[in-house]
Amino acid sequence: MDPKAANGGRTDNDTTKRLILPTSITRRTFIRSTGLVAGAVAAGPLLSACGAIGGSSGGGGPLKIGLLLPYSDIYAVLGESITESMKMYFENNGNEAGGRTIEIIQEDTQLKPDIAMEKARKLVEQDEVDLVAGIVSSGVAVGLRDYFHENKKLLLIANAGANVLTRAKKSPYIFRTSFSNWQPNWPLGNWAYDNVAQKVFVSAPDYGAGHDMANAFLNSFEGKGGQLVADPQFTPFPQMGDPAPFITEIQQANPDMVYTFYSGGAAVTFVKAYGEFGLTGSIPLVAAGFTVEEDVLPAQGDAALGTVSGLHWALQLENATNATFTAAYKERTGKDANVFAMQGYDTARVIVDSINAVEGNTTDLDPLIDAIAGVKFDSPRGQFKFDENTHNVINPVYIRRVEEVDGALHNVVIDELGDYVDPGDDSKG
Ligand code: BEZ
């Protein structure tokens, strides 16, 4: 399929336009354009006008990196995957950056914004880390945003996709190396309308990411003329409980296709129930790729077969960096890599490249922010590059289908839709 056609014409042009933005858009432009959102804040600044807080020693001593991730509840495997691959990247690169030895301090955010805030404060104010990375859940990320923004502390988001952080609440101090929730889903809505069906039932967890992802899918799908057969179904988060009533509701609505986003433990619960109720193979399942990623496929088994999904990576993507990354991850953990591990690997690389560029100086924030914004490299997903307007990564979108490959289930790439830049506002879902 022609990738341009999959973008729906007009939007492909938009995407291209955004990709060739002049490099003269500076950090100052970014700050000016985000000034409006800085006011309405609960967390409050820690320090006075004299500048950024924390930072162990700026130019000497270890480079302290705070890792804020869930190591419990339904997204624990996501947190562990990101941690393992970050450590792997650092270790494979001498465990140093800018002449400073890397020291990691891990904290469990669970899936609770209040716990995450406590842990963030501990990392920044007691441990005096140079920067913080991680964050899996959109709800946690949104809860922490004002703290990092107001205190001018660097946060590299390695998963949480909350759209608002690239839009009304973007911050020059927050970079996202993973995706916005819009990015894989809006192109998928177009693609599913053209290639799968025109009448859909939507099921997603009832929290920020579930709503963001469903909205993005529906924005392009309905824009083409697609129809919802019933109101979207939003299930309890984080624990869905018994999935039977939700699957029964889907059966009764009798759609031509189901769109869904779940991840971690919830993805296993939903997809297994989809199979047990006999829907696998009878009602096509189209999903945000996290739903059937490599971390959950072994537990989902045949219930996942045939699921088509959109995502910015696939295990079997053929490029040299992906070959190196997936082999090293398998050797280290005994498991296939997954998209969360890939995001951790890229986050670690962004840290090493940018800290090298400023020769280890984390005290002067402006040059460090410029260095991070300018990082570019060949990633396992394709070219890695930030959008200068938002500090969100520009992502390729791949359409994958779950198939049996050499006796195991994997996501096989069946289409490539090109690069997508988050629109930076809510105009497209
Ligand atoms: C989120 O909460 O943003 C999220 C969690 C898991 C997978 C993808 C997104």
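## Where the ligand sits

Visitor: Where does the ligand lie relative to the domains?
Guide: Domain 1 (4-180 + 318-393) and domain 2 (186-311 + 397-420) both give residues to the shell around the ligand; the bounds come from an automatic or database assignment. This is a predicted model, with local features needing pLDDT of at least 70, side-chain atom pairs pLDDT 80 or more, and totals for chains, interfaces and linings using all residues. Residues are numbered from 1 along each chain as its sequence is written, and side-chain values use heavy atoms, leaving out hydrogens and water. With both contributing to the shell, the ligand lies between domain 1 and domain 2.

Visitor: How many residues surround the ligand?
Guide: Val136, Ser137, Ser138, Gly161 and Tyr207 are the closest. By type, the shell has 10 nonpolar, 6 polar (Gly goes here) and no charged residues. The number surrounding the ligand is 16.

Visitor: How much of the ligand's accessible area does the protein cover?
Guide: Taken on its own, the ligand has 260 Å² of accessible area (Shrake-Rupley, 1.4 Å probe).

Visitor: Which cavity does the ligand's space correspond to?
Guide: Over the protein atoms alone, a cavity is a set of 1 Å grid points where a 1.4 Å probe fits but cannot get out, and lining residues have an atom within 4 Å of a point. The search turns up 2 cavities of 30 Å³ or more. A molecule sits in one if more than half of its atoms lie within 2 Å of its points. The ligand's space is the largest cavity.

Visitor: How much space lies in the second largest cavity?
Guide: Its lining includes Ile157, Phe175 and His391. Volume means the space filled by probe spheres set on the points. For the second largest cavity that comes to about 40 Å³.

Technical notes
A residue is near a molecule or strand if one of its heavy atoms lies within 4 Å of it. On a 1 Å grid over the protein atoms alone, a cavity is a set of points where a 1.4 Å probe fits but cannot get out, and a pocket is an open set with protein on both sides within 12 Å along at least five of seven lines; lining residues have an atom within 4 Å of a point.
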